[in-house]
Amino acid sequence: MNVLLVHAHPEPTSVTRHLVDTASEVLAAQGHHVMESDLYGMGWKAVFDGQDFPERTNEDRLSFIEESGHAFANGCQTTDVEGEQRKLQAADAVILVFPLWWYSMPAIMKGWIDRVWAFGLAYGYRGAGNAYRYGEGGFAGKRALLAVSVGGPEKDYSPRGINGPLEQLLFPITHGTLFFPGMQVLPTFAVYGSAGIEPGRMAEATAAWKRRLERLFDDEPIPFRPQNGGDYPDCHVLADHVAPGLTGLLAHIADAPQFGSDVEGS
Ligand SMILES: Cc1cc2nc3c(=O)[nH]c(=O)nc-3n(C[C@H](O)[C@H](O)[C@H](O)COP(=O)(O)O)c2cc1C
């Protein structure tokens with residue numbers, strides 16, 4: 001299988017880069033073909049702006065959606081974006097490895113998503129508006145996994161922990177960014193208390209990470225509800241009989257109680 005590792009940390013000795021190196025070794029040893037996007041190493045342009053559209057369709061007003069759709073459909077995207085899309089198209093699984101910064105990914109990785117997730121590919125698929133989204137779309141058939149280095153202790157992310165459960169904090173990425181264009185998203189892997197982690201705990205985390213990597217193509221994805229599976233009769237709102245009484249993010253996960261708590265990690 002082809003696996004794309006996208007990572008965002010400039011420091012080779014960081015926990016994040018240790019997770020990347022481990023993934024690269026384990027996946028290659030399993031016979032997978034590993035591709036990497038080392039965003040800091042590549043000097044990835046994080047900011048989505050007018051330079052992304054060298055051949056504008058509308059010079060008067062910058063509409064990102066319109067220009068993204070035009071550039072994607074007409075082969076006039078920038079070469080860096082095209083290169084990343086080629087890797088993505090070839091990938092059977094995509095692993096995003098990053099340190100948790102303000103409950104999210106570093107800006108350079110957000111910028112990778114903003115620029116590479118083009119209109120016509122990741123949204124507005126097949127020119128059909130929102131007909132294909134949440135479980136269907138340009139990235140259907142691919143697996144996705146987040147591997148996150150988390151500075152805070154696991155307790156802070158426990159079901160009633162002060163920060164909130166990590167899997168819920170990452171919902172905009174797992175559900176809104178990866179499941180939206182059709183990827184099957186695996187439960188997040190986290191290394192908690194990663195700032196100044198001692199060697200013994202790092203060894204345990206590495207062993208847990210290896211086990212997750214070995215099951216990359218076997219583990220069950222998070223059971224997000226697909227838009228077109230019947231739970232959303234008007235493609236907008238859950239039917240009354242689905243998850244009755246449940247509102248908010250967890251209503252969109254088929255066995256929400258499990259995912260309201262913590263994530264597997266170390
Ligand atoms: C800008 C910034 C924001 C951070 N935000 C969080 C946060 O929201 N939650 C948390 O637990 N740790 C946070 N941290 C701590 C990092 O998660 C921690 O330093 C990192 O995971 C250590 O692993 P590394 O060796 O891969 O950098 C933040 C650190 C920085 C620099």
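## Overall fold

Two residues are in contact if their C-beta atoms, placed from the backbone, lie within 7 Å. In this predicted model, residues 24 or more positions apart account for 77% of the contacts with a separation of 6 or more.

The protein has nine helices and six strands. Its radius of gyration is 19 Å, close to the 18 Å that the globule rule gives for 266 residues, so the protein is as compact as a globular protein of that length. The C-alpha atoms fill a box of roughly 55 × 50 × 35 Å along the principal axes. Of the 266 residues, 39% count as buried.

## Packing of α4 and α5

Helix α4 spans residues 79–90, and helix α5 spans residues 107–116. Their axes lie 10 Å apart, at an angle of about 90°. The two helices are therefore roughly perpendicular to each other.

From α4, the contact uses V81, E84, Q85 and L88. These meet W112, R115 and V116 of α5. By class, the contact residues are four nonpolar, one polar and two charged.

## Ligand shell

The ligand is surrounded by 15 residues. The closest are S14, T16, S149, G151 and G152. The shell divides into eight nonpolar and seven polar residues, with no charged ones.

## The loop at G230

G230 sits in the loop between α8 (199–214) and α9 (256–259). V242 is twelve residues from G230 along the chain, and 9.7 Å separates their C-alpha atoms.

How values were computed
Residues are numbered from 1 along each chain as its sequence is written. This is a predicted model: local features need pLDDT of at least 70, side-chain atom pairs count only at pLDDT 80 or more; totals for chains, interfaces and linings use all residues. Axes are lines fitted to C-alpha atoms, for helices over the stretch in contact, and angles run from 0 to 180 degrees between N-to-C directions. Helices (H or I, at least four residues) and strands (E, at least two) are DSSP runs, numbered from the N terminus. Angles under 35 degrees count as roughly parallel, over 145 as roughly antiparallel, 65 to 115 as roughly perpendicular and the rest as oblique. Ala, Val, Leu, Ile, Met, Phe, Trp, Tyr, Cys and Pro count as nonpolar, Asp, Glu, Lys and Arg as charged, and the others, Gly among them, as polar. A residue is near a molecule or strand if its C-beta atom, placed from the backbone, lies within 6 Å of it. The radius of gyration is taken over C-alpha atoms; the globule rule is 2.2 Å times the number of residues to the power 0.38. A residue is buried if 20 or more other C-beta atoms lie within 10 Å of its own, exposed if 12 or fewer, and partly exposed in between; C-beta atoms are placed from the backbone.
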